[in-house]
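Student: I am new to this structure. Could you walk me through how to read it?

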Amino acid sequence: MKDHLGNIRSVVTEEQRTDAYPMATMEISNAASDTLYYANVAETRAAKPSGMPVDNAYTNPNAYVAKVKGDGNKIGPSIMLKVMAGDTFLRRNVSLIALCRGRDIAVSLNKSSIKK
């Protein structure tokens, strides 16, 4: 597709492919794999804060997280994916939001499968 100036904005193909990427675990032991596929890993790696749920189902140990905040690193681990019509992807993240200077803590587990 081209915009009104003749610049290519998107390319649509009928290509069919399956790509699998390892999750960004944030663990030191997985640093080589994490940084091979994702940006902003080392910049946002932080020790897991108290109040964060223990979840060793995906990584064990589960000692590190990606820390983002408004006055610091605003973008956590990221990856650029080629997405085409009909593609699906699965993302999983656990969020810890500290409110009122750390006195109130909200924890949410977000999982989604998106199909466009």
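**Reading the model**

Tutor: Start with the elements. The chain holds 2 helices and 4 strands. Keep in mind that this is a predicted model.

Student: In what order do the elements of the chain run from the N terminus on?

Tutor: The order is α-α-β-β-β-β.

Student: What percentage of the 116 residues in the chain is buried?

Tutor: Buried residues make up 15% of the 116 residues. The chain exposes about 9,200 Å². Carbon and sulfur atoms supply 54% of that area.

Student: What share of the contacts with a separation of 6 or more comes from residues 24 or more positions apart?

Tutor: Such residues account for 43% of those contacts.

Student: Where is proline 61?

Tutor: Proline 61 sits in the loop between β1 (45–47) and β2 (64–66).

Student: What is phi of methionine 26?

Tutor: Phi of methionine 26 is near 75°. That is a positive value in a residue other than glycine. Methionine 26 lies in the segment before α1 (31–37).

Student: Is methionine 26 buried or exposed?

Tutor: Methionine 26 has 4% relative accessibility, so it counts as buried. The cut-off for buried is under 20%.

Student: And what is phi of asparagine 40?

Tutor: Asparagine 40 is not a glycine, yet its phi is positive, at about 65°. Asparagine 40 lies in the loop between α1 and α2 (41–44). Its relative accessible area is 26%, so asparagine 40 is partly exposed.

Student: Which residues does threonine 25 touch, not counting residues up to four places away in sequence?

Tutor: Threonine 25 touches Asn30, Asp34, Thr59 and Tyr64. Threonine 25 is placed in the segment before α1. With a relative accessible area of 11%, threonine 25 is buried.

Student: On to side chains. What can side chains of opposite charge do when their charged atoms come close?

Tutor: They can pair. In this structure the count comes to 1 salt bridge.

Student: Which side chains meet in a salt bridge?

Tutor: The side chains of lysine 69 and aspartate 71 do, at 3.8 Å from N to O. Check the exposure of each partner. Lysine 69 is partly exposed, at a relative accessible area of 45%. Aspartate 71 has 68%, so it is exposed. The cut-off for exposed is over 50%.

Student: Now the rings. What describes a pair of aromatic rings?

Tutor: The distance of the centres and the angle of the planes describe such a pair. The structure holds 1 aromatic pair. The rings of tyrosine 21 and tyrosine 37 have their centres 5.9 Å apart and their planes at 75°, so this pair is edge-to-face.

Student: Which parts does the pair tie together?

Tutor: Tyrosine 21 lies in the segment before α1 and tyrosine 37 in helix α1, so the pair ties together parts 16 residues apart in sequence. Tyrosine 21 is partly exposed, with a relative accessible area of 39%. Tyrosine 37 is partly exposed too, with 35%.

Student: Which residues form a nonpolar patch on the surface?

Tutor: Tyr21, Leu36, Tyr37, Ile79, Leu81 and Val83 form the patch. Together they have about 550 Å² of accessible area.

Student: Finally, what separates residues in sequence and in space? How far apart are alanine 85 and glutamate 14?

Tutor: Alanine 85 and glutamate 14 are 71 residues apart in sequence. In space they are 9.0 Å apart, C-alpha to C-alpha. Alanine 85 is in the loop between β2 and β3. At 76% relative accessibility, alanine 85 counts as exposed.

Student: What separates the C-alpha atoms of glycine 72 and threonine 44?

Tutor: The separation is 9.4 Å, for residues 28 apart along the chain. Glycine 72 lies in the loop between β2 and β3 (88–99). Its relative accessible area is 38%, so glycine 72 is partly exposed.

Conventions
Residues numbered from 1 in each chain as written. Predicted model: local features only at pLDDT ≥ 70, side-chain atom pairs only at ≥ 80, totals over all residues. Heavy atoms only, no water. Buried < 20%, exposed > 50% of the residue type's maximum accessible area, 1.4 Å probe, protein only. Patch = residues over 30% accessible without salt bridge, like charges linked within 9 Å, V, L, I, M, F, W, Y side chains within 5 Å. Areas by Shrake-Rupley, 256 points an atom, 1.4 Å probe, with all protein chains shown as cover. Salt bridge = Lys/Arg side-chain N within 4 Å of Asp/Glu carboxyl O. Contact = heavy atoms within 4.5 Å. Phe/Tyr/Trp six-rings, centres within 6.5 Å; stacked < 30°, edge-to-face > 60°.
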